[in-house]
Amino acid sequence: MYFREKCGIINTVKDSMNTNRLKLKKLRNTRDLGGIATADGRVIKKGKLIRSGRLFALPKSTVEKLKSIGLTTVIDLRVAA
């Protein structure tokens, strides 16, 4: 929830989880956050912000799919425990 508040995302978790899920081999819980309204009233463009986890040891087919949808930069938001 902290990430959602800091980024100004105001839609419900249920809506974002049900509408933009990407199905990729060996990469579960991946979503395009496009279409989500921000606190200032703007909307994230589809294909511009994708959230996921576990981006290591992916099959070549999944890597190619991510490249084909325009993924160019990965930002790791994890922090040391």
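Which residue in β2 is the bridge partner of Leu24? The partner is Leu27. This is a predicted model, in which local features need pLDDT of at least 70, side-chain atom pairs count only at pLDDT 80 or more, and totals for chains, interfaces and linings use all residues. Residues are numbered from 1 along each chain as its sequence is written, and side-chain values use heavy atoms, with hydrogens and water left out.

Strands (DSSP runs of E, at least two residues, numbered from the N terminus) are said to pair if DSSP finds at least two bridges between them. Strand β1, residues 21-24, runs antiparallel to strand β2, residues 27-32, and three bridges join them. On β2 there is also an antiparallel pairing with strand β3, residues 50-51, over two bridges. Here Asp32 has Ile50 in β3 as its bridge partner.

The hairpin of β1 and β2 has two residues between the strands. Lys26 lies in this loop and takes a positive phi near 65 degrees. Lys26 is exposed, with a relative accessible area of 58%; exposed means over 50% (1.4 Å probe, protein chains only).

Key. Helices (H or I, at least four residues) and strands (E, at least two) are DSSP runs, numbered from the N terminus. Buried means under 20% relative accessible area, exposed over 50%, partly exposed in between (1.4 Å probe, protein chains only).
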